[in-house]
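Hi everyone, thanks for making time today.

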Amino acid sequence: MQTVLISGASIAGPATALWLARHGFRPTVVEVAPALRAGGNAVDFRGPTHLGLLERMGVLDDLRAVQTGGTAMRFVDAAGRRLMELPADFAGGEIEVPRFDLSRVLYERSRAHTEYIFGDRIVAMREGPQGVDVTFAGGDRRTFDLVIGADGVHSAVRRLTFGPEERFVRHLGYYVATWEVPNHLGLGRDSLVYNVPGLMASVGGDHRDPSRATAFVAFASPQLPYERHDREAQRRILLERFAGLGWEVPRLLDGLRAADDFYFDAICRVDVSPWSHGRVALVGDAAAGATIGGMGTGTAIVASYVLAGELATAPDHTTAFARYEQRLATFARRAQSGGDTTGRFLAPRTAWAARLRNTVLNSRAGLGLLMRMADDRATRIELPDYRVAQATP
């Protein structure tokens, strides 16, 4: 039975572990956080490819039980007057769930046949004749047959194996942030969105807790020098960028000051080729990620299925990794490309561009075209049927 170490316990990691266990592998997942990460934006699935795989994983009913029902986006001016509205299924697809709930369901479905290690991380790897010798931050040293990097856009496995992040991650001109705030507007599932040139601020209700809401902001900017783990520096950036704005922004910034945890990152994309080196491979955002708008969650679910299936059916890992990338690279890049324009859509740099966006999407034809394009990126792929190789644990 081959051993596989997977770095990352968000989505791609547990999904890959689930499929590998079904094929008879022995997966171990290591996660730097002390527990599953809470919070995060909702994620969506759309089309027969996504939903079909979720059903075969045995998680579709679990996810339907926690789905949000989608979130309508109402764009407003400083006085709160409606300018344009996007329906719930625009961003929510056919099923939308909180990121944490998706991560939790995948963890619960995979943990019976997966070793999970929380609060630790890989700090060194050396490939030898018997496998990959791995050193963990906690001091343990172990050898695995294969290592999979499922640790996101800022993948440590990719850095250790392929080289520094700046070689593979491209800044797309915007930053985004989210944090929890009190639901002082009494919002349900809807979100309100306010723009000034190059800036977007929004707030949406929490479908689970009517007293809570989530602030989400975006702003145009060249790449900024800051420490990715320095939360205070990130708060200062946001407070400076959004200072002096009207609408509900002051109250959202008050919530930022009190937020225990929040998310801040650049809108960026990952371009790596090949996706593997020796006994190490990448999956999900580590291989072809986009911070937002690139359908990364759906792509991760597809990629985990193909990677595990190829490892189960190919004569060796070298052949499996090559087939995995050959089958998925075009699909992943096509889905990923949606993230290239997300920043400009959320926070147009000029008032004219914002008016044009609102005018086009206020028309049924314009909105319909955009939604068809999104669905097309998500579903146009034919997948092999690896079920013949599966050994149900």
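**Surface, pocket and salt bridges**

Let's start with tryptophan 352, which is exposed at a relative accessible area of 57%. Before I go further, please keep in mind that this is a predicted model. Tryptophan 352 sits in helix α13, which covers residues 351-361. Together with Leu356 and Val360, Trp352 makes a nonpolar surface patch of about 310 Å².

Now, staying with that helix, let's turn to a pocket. Which element gives the most to the lining of the second largest pocket? That would be α13, with 5 residues. β4 (73-76) and β13 (191-196) also each supply at least two residues of that lining. The second largest pocket has a volume of about 180 Å³, and 17 residues line it. Nearest its centre lie Leu83, Asn195, Val196, Ala354 and Asn358.

On to the charged pairs. The count comes to 22 salt bridges, and I've picked a few to show you.

The first stop is aspartate 101 and arginine 104, whose side chains meet in a salt bridge at 3.4 Å, N to O. Both belong to helix α5 (residues 99-110), and because they are 3 residues apart there, about one helical turn separates them. Aspartate 101 counts as buried, at 8% relative accessibility, whereas arginine 104 is partly exposed at 22%.

Next up, glutamate 127 and arginine 279 form a salt bridge at 4.0 Å, N to O. This pair links distant parts of the chain, 152 residues apart: glutamate 127 is in strand β8 (residues 122-128), and arginine 279 is in the loop between β17 (276-277) and β18 (280-282). Is arginine 279 buried or exposed? With a relative accessible area of 16%, arginine 279 is buried, while glutamate 127 is partly exposed at 42%.

Then we have glutamate 310 and arginine 323, again a salt bridge, at 4.0 Å, N to O. Glutamate 310 lies in helix α10 (residues 296-313) and arginine 323 in helix α11 (residues 317-336), so the pair ties together parts 13 residues apart in sequence. Glutamate 310 is buried, at 2% relative accessibility, and arginine 323 is partly exposed, at 33%.

One last item before we chat: Arg74, Arg82, Glu85 and Asp190 are linked in a network of salt bridges.

How values were computed
Residues are numbered from 1 along each chain as its sequence is written. This is a predicted model: local features need pLDDT of at least 70, side-chain atom pairs count only at pLDDT 80 or more; totals for chains, interfaces and linings use all residues. Side-chain values use heavy atoms; hydrogens and water are left out. Patches are made of residues with over 30% relative accessible area and no salt bridge: like charges are joined within 9 Å, nonpolar side chains (Val, Leu, Ile, Met, Phe, Trp, Tyr) within 5 Å. Accessible areas come from the Shrake-Rupley method with a 1.4 Å probe; for residues, only the protein chains shown count as cover. Helices (H or I, at least four residues) and strands (E, at least two) are DSSP runs, numbered from the N terminus. Buried means under 20% relative accessible area, exposed over 50%, partly exposed in between (1.4 Å probe, protein chains only). On a 1 Å grid over the protein atoms alone, a cavity is a set of points where a 1.4 Å probe fits but cannot get out, and a pocket is an open set with protein on both sides within 12 Å along at least five of seven lines; lining residues have an atom within 4 Å of a point. Grid points are joined across faces, edges and corners, and a volume is the space filled by probe spheres set on the points.
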